[in-house]
Amino acid sequence: MGNFGNLIMNENMKIFRRPRTWIMLSILAIIALLMPVLLNEGMGSSGIFFWQAAITTVQVVFFLNTIFCVVIAAEAVAGEFTWGTIKLLLIRPWSRSKILASKYLTVIGFSILSTLLVVILATAMSYLLFSHSAPQDGSGVSASYAFTSWGYLYVDLFITLAIAFMVSSVFRSGALAIGLSLFIMFTQNLFSLIFNPVRYDWAKYVLFNNMDLSRYMSQGTDFGMVDGGNAGMTLGFSIAVLAVYYVIFMVISWVVFSKRDVAG
């Protein structure tokens, strides 16, 4: 366990000693603090519950957060091949599984850190600028609603990172991993529209149709939340589908990395 802890520490040092890492975190922090100010200037603070402002801010900033986390995940393995340091890593007395696990856990740790940074700063600034009284008509949102929404956002990020990490491990290309992940981010809703589970029964097993869990927060969606609506999909169903895809991505990453010949 001590050796594995040293591996994780080593991977964290690789990430946080790079100036661009701190630049990315600074950008996230600045935007998370600035967005509530812009909302306050444009809409005013009266009648707007601070949880609603915080949710809006996080949703806007989270897109950029996902991109930054994908960059970290894409270079976790591919960067070692690009810089030629993979041989130095593999000659150490650590198994390939431990090396890959340390890299993946470091990526997940960074994603959690950046997400918490955005959530905490957005909530704190929104709390300072907006109303603390929930609307009497019941249209406001609660803390539980906010954290559920953010949890669903992180699930989307979590799966996107798994894809980026797999591509990085299999193809040893950070650019391909970033490009494919960004493609999925930009076209996710488009593919969900084209391959609509309401129209095609098999489409409910497509990855794109299950990544956005926030749709289950609204009873008015085509997918439904409890009974599955017209498509026969529920929150539990989508989580199960994502779990299967996640296991597949991880197995591919570990098998390819463990058996790859890096002698050349």
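Visitor: Which residues of H2 are buried?
Guide: Keep in mind that this is a predicted model. In H2, the buried residues are Thr 21, Met 24, Leu 25, Leu 28, Ala 29, Ala 32, Met 35, Pro 36, Leu 39 and Asn 40. Being called buried takes a relative accessible area under 20%. As for the spacing, an α-helix has 3.6 residues a turn, so residues three or four places apart point the same way.

Visitor: How do you know whether the span of H2 agrees with its 25 residues?
Guide: Set the two values side by side. At 1.5 Å a residue, H2 should span 36 Å, and its end C-alpha atoms are 36 Å apart, so the span agrees. Just after H6, Arg 172 takes a positive phi of about 55°.

Visitor: How many helices and strands does the protein have?
Guide: There are 9 helices and 0 strands, so from the N terminus on the elements simply read α-α-α-α-α-α-α-α-α.

Visitor: What makes Trp 51 and Phe 147 an aromatic pair, and why is the pair called edge-to-face?
Guide: There are two tests here. The ring centres of Trp 51 and Phe 147 are 5.8 Å apart, and the limit for pairing is 6.5 Å, so the two count as a pair. The structure holds 21 aromatic pairs.

Visitor: What does the pair of Trp 51 and Phe 147 tie together?
Guide: Trp 51 lies in helix H3 (residues 50-83) and Phe 147 in helix H6 (residues 143-171), so the pair ties together parts that are 96 residues apart in sequence.

Visitor: Why is the pair of Phe 195 and Trp 202 called tilted?
Guide: The centres of Phe 195 and Trp 202 are 5.8 Å apart, with 55° between the planes. Stacked needs under 30 degrees and edge-to-face over 60, so 55° counts as tilted. Phe 195 is partly exposed at 29% relative accessibility, and Trp 202 is partly exposed at 48%.

Visitor: Which residues do ring pairs link into a cluster?
Guide: Phe 49, Phe 50, Trp 51, Tyr 127, Phe 147 and Trp 150. Setting aside neighbours within four places in sequence, Trp 150 is in contact with Trp 51, Ala 54, Ile 55, Val 58, Val 119 and Thr 123.

Visitor: Which members of the largest nonpolar core touch the most other members?
Guide: Trp 150 and Leu 161, out of 72 residues in that core. Among the helices that each supply at least two residues are H1 (2-16), H2 (19-43), H7 (174-194) and H9 (235-259). H3 gives the most, with 17 residues.

Visitor: How do you know whether Ser 111 is buried or exposed?
Guide: The relative accessible area of Ser 111 is 0%, so Ser 111 is buried. Ser 111 sits in helix H5 (residues 96-129). Not counting residues up to four places away, Ser 111 touches Cys 69, Tyr 154, Leu 157 and Leu 161. Gly 109 is also placed in H5, but at 36% Gly 109 is partly exposed. Gly 109 and Asn 12 are 97 residues apart in sequence, yet 9.0 Å apart in space, C-alpha to C-alpha.

Visitor: What is Phe 63 in contact with, leaving aside its neighbours within four places in sequence?
Guide: Met 185 and Phe 186. Phe 63 lies in helix H3, and the C-alpha atoms of Phe 63 and Met 185 are separated by 8.6 Å, though 122 residues apart along the chain. At 37% relative accessibility, Phe 63 counts as partly exposed.

Visitor: What makes Lys 204 count as sitting over the ring of Phe 237?
Guide: The charged end of Lys 204 is 5.7 Å from the ring centre, and the distance limit is 6 Å, so that test is passed.

Methods: Residues numbered from 1 in each chain as written. Predicted model: local features only at pLDDT ≥ 70, side-chain atom pairs only at ≥ 80, totals over all residues. Heavy atoms only, no water. Phe/Tyr/Trp six-rings, centres within 6.5 Å; stacked < 30°, edge-to-face > 60°. Helix = DSSP H or I, 4+ residues; strand = E, 2+ residues; numbered from the N terminus. Buried < 20%, exposed > 50% of the residue type's maximum accessible area, 1.4 Å probe, protein only. Lys NZ or Arg CZ within 6 Å of the ring centre and 35° of its normal. Contact = heavy atoms within 4.5 Å. Core = buried A, V, L, I, M, F, W, Y, C linked by side-chain atoms within 4.5 Å. Expected span 1.5 Å × (residues − 1).
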